[in-house]
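Trainee: I am new to this structure. I would like a close look at a single part of it.

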Amino acid sequence: MPTISLTDIRLFLLRIVRPLDPFLLIITLAIMACTYLVMLSASPERMGAHLTNVVVALTVMWIVAAQPPQRLNNFALPLYVLGVLLLIGVALFGDVSKGARRWLDLKVMRIQPSELMKIAMPLMLAWYFQKREGSLKVRDFLVAMLLLVVPVGLIAKQPDLGTAILVLGAGFFVIFFAGLSWKLIIPTGLIGIIGIVAVIAYQSEICAPQVKWPGLHDYQKHRICTLLDPSTDPLGKGFHTIQSTIAVGSGGFLGKGWRNGTQTHLDFLPERHTDFILAVISEEFGLAGVLIISILYCLLIARGLMIANNASNLFARLLAGSVTMIFFTYAFVNMGMVSGILPVVGVPLPMVSYGGTALVTLCLGIGILMSIRQSRRRR
Amino acid sequence: MELKAPEQELSRFRARVAAAAVFVLVGFGLIVARFVYLQIVRYEYYATRAEENRISLLPIVPNRGLITDRNGVVLTRNYSAYTLEITPSKVRNLEDTIDELSEFIDIQPKDRKRFKKLLEESKNFESLPIRTRLSDEEVARFIARRYKFPGVDIKARLFRQYPFGELASHAIGYIGRINQKEMAKIEDDEDLAANYRGTEHIGKTGLEQSYEKELHGVTGFEQVEVDASGRAVRSLARTPPIPGNNLQLTMDAELQRIAEQAFGTRRGSLVAIEPGTGGILALVSTPRFDPNLFVDGITPDNWDVLNTSLDKPMINRAINGAYPPGSTFKPFMAMGALVTGKRSATYAISDPGYFVFGNNTFRDDKVGGHGMVDMVKSIIVSCDTYYYTLANEMGIDLISDFMGKLGFGSRTGIDIEGESTGVLPSQAWKKKRFKKAEQQKWYAGETISIGIGQGYNAYTPLQLAHATATLAAGGIMFKPHIVKYVVDTQSGQRRMIEPTPVADLGFKPEHLEIIRKGMVGVNIYGTGARAFAGVKYEVAGKTGTAQVFSLKGGKYKEGEINERLRDHALYIAYAPANDPKIAVAVLVENGGFGAAAAAPIARQVLDYYLLGIKPAGAAPEDAEADPEDSHAHD
């Protein structure tokens, strides 16, 4: 009969703990602790479901963290191809809900393939650049952009602007880290900024009801127009932005106190446990709460970039860099949305907003970062 | 070269990581700047907006004051009832909604019509009653289905009720829903607007209108926390409303009832005043109307009936009807002669039965005349010739000057709004009244018929009663008023409406005595003798018959002429003659002779007021059952 010695237990625990990066883990748990506090105020009835999601997500994180990056490499192409095929499937046979075709009914389960692309996209592009390592040409960037634009286009067409932005961001950062010329980035960025300024300046002309925007649905135009001037639709689409801004502003520096947010608890704030959970934090914990959350994200991103910096090969570097930047895109778009400077596009606050799919995807991302850090240290 | 490539690539990657780090910092910097702007710079603004979201001031409408007669008989009261109300702006299809509601709540076509009328008069966001006085069962049936009817709700409201229905309807008046014109007036005054938040009804006529300020009370407020759907979550603070003051009237409800019943189906008016205070004891205008019809908004059918009736029941004849006083004018003329010294009491004329002035002959109603007539006899027998000559001697300006002092031709100042002035003819009046120079001129011949209360003379029954009361009070004129006390419902304190003497006309007792003698004689030997046969007290009175339609030449025959063209019957009186407790003026439209039509009505009123004798065979008019007991659907 084998006896279990103390050493055995120690070895066993080490096996469990070894793949985990303590720094990333602590930040992740810190963010989740904040979430716990906020969820208890905003939507205590969902606490059970939320904790289940957390357990599932952390398990996924641990499993992925325990994999060597090479295995992730093998998944890249099949995952991407599967994702694109499913997206085409959605476009052809998808279920329509709330005016958007996002779900695919596989009889056993309904899936949202666009969510898969958030991870499949950076994997694919990192894999592609890895393959082309050493002989990188302009042509390769064009191919990478094509690989990026096709799924993003399919997702935007559903329409799901939020996810399209996230996938586009994830893919773009791979290309960016791969060394896309500044000569291309800077003009594009400038054109973008000029475009936004022009839209704001000519707001009343382009938002006139008879004007059709090429490539965008009416509801998307509406979202952007109400962002520019929420008062044009105070009870409709503008309601979210107006009430969210009031919640944020009325929080002041220290907030109204936990569970004392009037905007939150009297139902003025829409989607308070999902996309607008930051408004709850802002209202109940004030600017102080916002700063704490922002600092936690900055630390997470800093650690992620550090891991990318020290990664062993190009694939790992690009993957770590772009996965890290996914967190930034998520946080930036959500915070901008809640504070009324970006349109309401349905992007959750990473690892805080209620919702299992996004939480699992993000923890999977953390797992990838941990896996990459692990492979570096082993050398 | 081969070795250098990865090195170069690595350093470029690190540069990109650094760029990304800068990008992230700038991004978060922007976000944090935005939050600092919202939460620090604009904090006050957004904090206020959040409070405005959260806190709502709900008005608490005060109970409207009650009106009781001088003996405490309740003439108006409030009852609470459930109403089914629709807010049109929240309902997609009104017709469909009402149809669906009518499947389990009794909604009559008249309810729909009334709702339609309210809808036209109101703003869209108001909630309007489709059915009032729901039964408990109907309330339960609706509550079970409430979720299917957004914009439809049941409200418990206080309703005004006039338990005696038509009794004193013109004096008391009625309340109705505030219309847009009234709303505009209320909103002009900030305090008033605040006090009327939540109030839906306002006094429209009568005392309900003129004492609106006392009856309404002060609206209370409840500060409540509301959620996004506007539902009150909890109460934060409460300022209770102050109920409206009650009114206790000088009017005697029983006297009023007897007077109204005495008119039967005839049109007319009666005003009884307490001489020496100006308190109104009865104020009758017939036909009457039921003020209860107006409270929840009158149905178009009912309104048509009231509005198009030839009898014009909505007109308050007592203050808005202007009638020539006929011979009831004579005692005042006689008093004028004495006061101005134009004739002494003993001066007598020989009456041939007519008076010739220029080319015109003015007839007395007695062919052959009354013989020798002095002042007392002129009143007793109602001698026209005496007054034709008197008027001619006094001249129009002296007459109008004296009558003006008695209140003829000007508003008495009674505490009901909208009183008419009537017409006190004078040279100045005619000049103002007509446009052509030829018409503006006063002809001496026109003065003659003024002397017998005809011609341009036109006074309200109130003015006539008011002048009679002044005469009864020895020339001291009091402002007429229906309200005796304003009662504070909380402290129970009563504020008396003091009798206000507005003028002392300085009548000499010996002059008053002559007029009194004449007027007392009227009811003993004269035109009022039949009506006052066997009376137990001394009555000073005067009959009158006023021409509506002047017949050139021929003699007037009552039966042969269209009812509406018949003469108006009038009667004035005060009693007891030596110590007057009541002065009264009666008018029966197209009633014929005053002695026959008007004097008996006055007799019933005086008999009851002075002796407590009720007329035989009069059915008591009971108060309606309290609607709270019956829940009857009207």
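At what angle do helix 11 and helix 25 of chain B pack, and how far apart are their axes?

Mentor: One caution before the answer: this is a predicted model. Now take the helix pair. Helix 11 of chain B covers residues 253-263, and helix 25 of chain B covers residues 599-611. They pack at an angle of about 160 degrees. Their axes are 9 Å apart. An angle over 145 degrees counts as roughly antiparallel. That makes helix 11 of chain B roughly antiparallel to helix 25 of chain B. The crossing of these two helices is right-handed.

Next, find the residues that meet. Helix 11 of chain B brings Leu255(B), Ile258(B), Ala259(B), Ala262(B) and Phe263(B). Facing them in helix 25 of chain B are Ile601(B), Gln604(B), Val605(B), Tyr608(B) and Tyr609(B). Sort this contact by class, and it has 9 nonpolar residues, 1 polar residue and no charged ones.

Strand 21 of chain B runs over residues 540-546. Here 7 of the 7 residues are buried, so the strand is largely enclosed by the rest of the structure. Look at its two faces in turn. On one side sit Ala540(B), Lys542(B), Gly544(B) and Ala546(B). On the other sit Gly541(B), Thr543(B) and Thr545(B). Both faces are covered. Strand 21 of chain B also has a partner: strand 22 of chain B, residues 568-575. The two pair in the antiparallel sense, over 7 bridges. Start tracing at Ala540(B), whose bridge partner in strand 22 of chain B is Tyr574(B).

For a contrast in setting, go to Leu192(B). This residue lies in helix 8 of chain B, residues 190-195. Leu192(B) has 13 C-beta neighbours inside 10 Å, so it counts as partly exposed. Asp227(B) is 35 residues from Leu192(B) along the chain. Their C-alpha atoms are separated by 29 Å.

Last, step out to the neighbouring chain. In all, 33 residues of chain B are in contact with 37 residues of chain A. On the chain B side, the elements that give two or more residues are helix 1 (4-41) and helix 2 (43-54). Helix 1 of chain B gives the most, with 19 residues. The residues on this side of chain B divide into 20 nonpolar, 4 polar and 9 charged.

How values were computed. Residues are numbered from 1 along each chain as its sequence is written. Chains are lettered from A and ligands numbered from 1 in the order in which they are written. This is a predicted model: local features need pLDDT of at least 70, side-chain atom pairs count only at pLDDT 80 or more; totals for chains, interfaces and linings use all residues. Two residues are in contact if their C-beta atoms, placed from the backbone, lie within 7 Å. Helices (H or I, at least four residues) and strands (E, at least two) are DSSP runs, numbered from the N terminus. Ala, Val, Leu, Ile, Met, Phe, Trp, Tyr, Cys and Pro count as nonpolar, Asp, Glu, Lys and Arg as charged, and the others, Gly among them, as polar. Axes are lines fitted to C-alpha atoms, for helices over the stretch in contact, and angles run from 0 to 180 degrees between N-to-C directions. Angles under 35 degrees count as roughly parallel, over 145 as roughly antiparallel, 65 to 115 as roughly perpendicular and the rest as oblique. A crossing is left-handed if the near helix is turned anticlockwise from the far one by less than a right angle, and right-handed if clockwise. A residue is buried if 20 or more other C-beta atoms lie within 10 Å of its own, exposed if 12 or fewer, and partly exposed in between; C-beta atoms are placed from the backbone. Two strands pair if DSSP finds at least two bridges between them.
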